[in-house]
Amino acid sequence: AEWDHVEKGIEQRLKALNLFLKDIYNAQQIIKDKIVPGELIASCPHYLREVSGIKVPHDIYVHISGIDLIRGQDGTFYILEDNLRTPSGVSYMLENREVTKRLFPDLLSSANVRMVNNYPLLLHQNLMALSPRQISSPTVVLLTPGIYNSAYYEHTFLARQMGIELVEGRDLVIDNHKVFMKTTRGLQQVDVIYRRIDDEYMDPLVFRPDSALGIPGILGAYRKGNVALVNAIGNGVADDKAVYAYVPAMIRYYLNEEPILPNVPTYQLADMDARDFTFKNIHNMVIKRTNQSGGYGMLMGNSASDHEINAMINSVNADPRNYIAQPIIKLSTAPCFLNNRFEPRHVDLRPFALCGPGGVKIIPGGLTRVALREGSLVVNSSQGGGSKDTWVLNNG
């Protein structure tokens, strides 16, 4: 029953975010109606004018998302943030389940645990359905930055699970606004690219000219509709932490519904009153940079030194648009076996959702991330966090 509630809330949120991305890169009606301030979008570093007006297949911008949830002390689920660009961690979810199955082969079936290992199959079906060419077996590839990327294991794992080619930018060429993969049998046209490269590295002719990871001319092929990119370029505007505060308003505006899952209360520090309130209550607040991830660029007021607090206040005053503040919510805990005994550790949950032509499918489970340091509220793996297998039980 809890999962049904979470599932409905994530599905509602993704519908609104997809509509927002379509709107913001086309008619911009939400700005004209003064629901979201135009200057907030214009000042967002991930709002890319270069992709304005591009028609994406089936109007889906967010094909793969990892929506981070936390649970407060009262048991309420809150959305902590939306990961709509290149969310990672799904391989941990799948590997954790494999380990659990190996250790407790009978436990999962006797407890009626719903399966997560069909994720690669569902993802592959969605990718195939996006092909611009109406052919029976379109060519789908996974584009990786290469072996030095921290998520490279996940890239190889997913490509292998789906039976698709793992490619780097140098393996692809553009000819006549079409994308081709170099193979031992000559060039082969590519229909769908599941990219794990950030927007600014995708096309050195349009974004960063020093990028050696992307494919020169890919944006032209994308604009012509000759290749589908997953996720769409420009999604970062919707998971900017300052724009996050407006998602409940987007749900009301586009869907005419009340949000099922609430946001964490968020103060935009470009607003003078919000800034004053935050600084007065800084020991009860977490301050985050709006465009950083992985637990970087963040201050936890309850554990920061006076020096760190003063440095953060100076940074916020110098550039208030790029910071938000939220009250520190005591995350729920799960038992962990550490030092030969069970101890509570704080956790959050990242369910993975796939949006395709057939609708939104949310994998029943996701990645529970664990802050392994005692008392810590920072669960990111880049900050020393761990992960757990997550069970959703069938009703009855």
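Contact, as the word is used in these legends, means heavy atoms within 4.5 Å. The structure is a predicted model, in which local features need pLDDT of at least 70 and side-chain atom pairs count only at pLDDT 80 or more, while totals for chains, interfaces and linings use all residues. Residues are numbered from 1 along each chain as its sequence is written, and side-chain values use heavy atoms, with hydrogens and water left out.

**View 1. The surroundings of L172 and the nonpolar cores.** Leaving out residues up to four places away in sequence, L172 touches L143, V167, V179, F180, M181, V190, I193 and I215. A nonpolar core is a set of buried Ala, Val, Leu, Ile, Met, Phe, Trp, Tyr and Cys residues joined through side-chain atoms within 4.5 Å, where buried means under 20% relative accessible area, exposed means over 50%, and partly exposed lies in between (1.4 Å probe, protein chains only). The largest nonpolar core has 76 residues, and those with the most contacts inside it are I10, F20, L172, I193, Y222, I233 and V237. Helix α1 gives the most to this core, with nine residues. Apart from it lies another core, of 25 residues, among them V90, M93, L94 and V192.

**View 2. The packing of helix α1 against helix α10.** Helices (H or I, at least four residues) and strands (E, at least two) are DSSP runs, numbered from the N terminus. Helix α1 (residues 2-24) packs with helix α10 (residues 247-255) at an angle of about 80°, and their axes are 9 Å apart; axes are lines fitted to C-alpha atoms, for helices over the stretch in contact, and angles run from 0 to 180 degrees between N-to-C directions. That makes α1 roughly perpendicular to α10, a term for angles of 65 to 115 degrees, whereas those under 35 count as roughly parallel, those over 145 as roughly antiparallel and the rest as oblique. On the α1 side the contact is made by Q12, R13, K15, A16, L17, L19, F20 and D23, and on the α10 side by V247, M250, I251, Y253, Y254 and L255.

**View 3. Two aromatic pairs.** The structure holds six aromatic pairs; rings of Phe, Tyr and Trp (its six-membered ring) pair if their centres lie within 6.5 Å, and planes under 30 degrees apart count as stacked, over 60 as edge-to-face and the rest as tilted. The rings of Y267 and F277 have centres 5.2 Å apart and planes at 40°, so this pair is tilted. The pair links distant parts of the chain, with Y267 in strand β10 (residues 267-268) and F277 in helix α11 (residues 272-280), 10 residues apart. Y267 is partly exposed, with a relative accessible area of 26%, and F277 counts as partly exposed at 38% relative accessibility. The pair of F337 and F342 is tilted because the ring centres are 5.1 Å apart and the planes stand at 55°. F337 is exposed, with a relative accessible area of 51%, and F342 counts as exposed at 63% relative accessibility.

View 4. I328 is found in the loop between β13 (323-327) and β14 (333-338), and at 21% relative accessibility I328 counts as partly exposed. I328 and G301 are 27 residues apart in sequence, and their C-alpha atoms are 8.2 Å apart in space. G72 lies in the loop between β1 (64-71) and β2 (77-83), and at 7% relative accessibility G72 counts as buried. Leaving aside neighbours within four places in sequence, G72 is in contact with Y78, I329 and K330.
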